[in-house]
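This briefing covers selected side chains and the surface of one protein model.

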Amino acid sequence: MTFVNEEISQVDRFQNLNDSKEYSKSQIHKYQKINKERSDKANSQLIMIVVLVIIQLFFYFSNHRESPKQNFEFTD
């Protein structure tokens, strides 16, 4: 909440419309950069999850292929 109050007071201090426009543009660019960084992080996390799921599926199916062979071997 403090951050919001500081931003509001800074906007209130602008006497010139051009200063206000420049500040708004800088804020827009800042938020675009933050969104891009978050999007890149989310994409890398999604790729990591997909890779881990593929590894899990590989191990799951590789173990199931070996299990039936062991069931049919009879040792007395």
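Phe 58 counts as exposed because its relative accessibility is 56%, and the cut-off for exposed is over 50%. Phe 58 sits in helix α2, which covers residues 17-72. The model is predicted, and the points below are grouped by topic.

**Nonpolar surface**
- Phe 58 is one of the residues that make a nonpolar surface patch of about 700 Å².

**Salt bridge**
- The structure contains 1 salt bridge.
- This salt bridge joins the side chains of Lys 36 and Asp 40, with an N to O distance of 3.2 Å.
- Both Lys 36 and Asp 40 belong to helix α2, where they are 4 residues apart, about one turn of the helix.
- Lys 36 counts as exposed because its relative accessibility is 51%.
- Asp 40 has 40% relative accessibility, so Asp 40 counts as partly exposed.

**A buried charged residue**
- Glu 7 lies in helix α1, which covers residues 2-12.
- Glu 7 is buried but has no salt bridge.
- Which side chain of opposite charge is nearest to Glu 7? That side chain is Lys 30, at 5.0 Å, whereas a salt bridge requires a nitrogen to carboxyl oxygen distance within 4 Å.
- With neighbours within four places in sequence left aside, Glu 7 is in contact with Tyr 23 and Gln 27.

Conventions. Residues are numbered from 1 along each chain as its sequence is written. This is a predicted model: local features need pLDDT of at least 70, side-chain atom pairs count only at pLDDT 80 or more; totals for chains, interfaces and linings use all residues. Side-chain values use heavy atoms; hydrogens and water are left out. Patches are made of residues with over 30% relative accessible area and no salt bridge: like charges are joined within 9 Å, nonpolar side chains (Val, Leu, Ile, Met, Phe, Trp, Tyr) within 5 Å. Accessible areas come from the Shrake-Rupley method with a 1.4 Å probe; for residues, only the protein chains shown count as cover. Helices (H or I, at least four residues) and strands (E, at least two) are DSSP runs, numbered from the N terminus. Buried means under 20% relative accessible area, exposed over 50%, partly exposed in between (1.4 Å probe, protein chains only). Lys and Arg count as positive and Asp and Glu as negative; His and the chain ends are not counted. Contact means heavy atoms within 4.5 Å.
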